[in-house]
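User: Could you walk me through this structure and show me how to read its features?

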Amino acid sequence: MTRKFNPEGMTPPPFYSHGVEVQAGARMVFVSGQVGVRRDGTVAEDIGAQAAVAIENLTAVLAAAGMTPADIVKSTIYLTDEANFEGFTAAAAPLLVQPPAATTLVYVKALASPSLLVEIEAVAAK
């Protein structure tokens, strides 16, 4: 129902696909931005821990819809500091599936709370 691709002649992306095709009839789920807040309400300590918790939360939302991270076709990642890029990718890369979704990464001034360093939203299709 979906096809992730990177056209010939384009620079191969490091952790995303240039395009994702969703075929007609696919069921879609839109996941609100997930952050590094644990179930008990505590915020994970650093960018690596927050990335892992945000992905865990995202995975839980998908599971509630009968989907997995493999069904993500588009994600948007918001980081509050460019210095956190390497820490985010180091923590997130092992948790994300291959081939990856079409992805946009944006640096923002702040998220909903000053303690939050990353937020991830996604669209999944199956």
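Analyst: Let's start on the surface: Val22, Met28 and Phe30 make up a nonpolar patch with about 290 Å² of accessible area together. Patches are built from residues with over 30% relative accessible area and no salt bridge, joining like charges within 9 Å and nonpolar side chains (Val, Leu, Ile, Met, Phe, Trp, Tyr) within 5 Å. Accessible areas come from the Shrake-Rupley method with a 1.4 Å probe, and for residues only the protein chains shown count as cover. This is a predicted model, where local features need pLDDT of at least 70 and side-chain atom pairs pLDDT 80 or more, while totals for chains, interfaces and linings use all residues. Residues are numbered from 1 along each chain as its sequence is written, and side-chain values use heavy atoms, leaving out hydrogens and water.

User: Is Phe30 buried or exposed?

Analyst: Buried means under 20% relative accessible area, exposed over 50%, and partly exposed in between (1.4 Å probe, protein chains only). Phe30 has 61% relative accessibility, so this residue counts as exposed. Phe30 sits in strand β3; strands (E, at least two residues) and helices (H or I, at least four) are DSSP runs, numbered from the N terminus.

User: Where is Gln34, and what does Gln34 touch?

Analyst: Gln34 also belongs to strand β3, which covers residues 28–35, but Gln34 is buried, at a relative accessible area of 15%. Contact means heavy atoms within 4.5 Å. Leaving aside residues up to four places away in sequence, Gln34 touches Ala54, Asn57, Leu58, Val61, Val118, Glu119 and Ile120. A polar atom of the Gln34 side chain also lies 3.0 Å from the backbone oxygen of Ser32.

User: What does Thr76 touch?

Analyst: Thr76 is in strand β4 and counts as buried at 11% relative accessibility. With residues up to four places away in sequence not counted, Thr76 touches Thr104, Val106, Glu119, Ile120 and Glu121.

User: Which residues of α2 are buried?

Analyst: They are Phe88, Ala91 and Ala92. Looking down the axis of α2, these buried residues fall within an arc of 90 degrees (taken from the directions from the helix axis to the C-beta atoms), so they line one face of the helix. Their cover includes α1 (47–64), β4 (72–79) and β6 (118–125). On the face turned away from the buried side, α2 carries the exposed residues Glu86 and Ala90.

User: Where is Pro99, and what joins Gln98 and Pro99?

Analyst: Pro99 is in the loop between α2 (85–92) and β5 (102–107). A cis peptide bond joins Gln98 and Pro99, with omega about -10 degrees. Leu96 is also placed in the loop between α2 and β5 and is partly exposed, at 32% relative accessible area.

User: How many salt bridges are there?

Analyst: Side chains of opposite charge can pair when their charged atoms come close. The rule asks for a side-chain nitrogen of Lys or Arg within 4 Å of a carboxyl oxygen of Asp or Glu, and the count comes to two salt bridges. Arg3 and Glu21 meet in a salt bridge, 3.1 Å from N to O. Arg3 lies in strand β1 (residues 2–5) and Glu21 in strand β2 (residues 19–22), so the pair ties together parts that are 18 residues apart in sequence. Arg38 forms a salt bridge with Glu45, their closest N and O atoms being 2.5 Å apart. Here Arg38 is partly exposed at 30%, whereas Glu45 counts as exposed at 59% relative accessibility.

Key
Polar contact = N/O pair within 3.5 Å; in protein donor to acceptor, adjacent residues only side chain to side chain.
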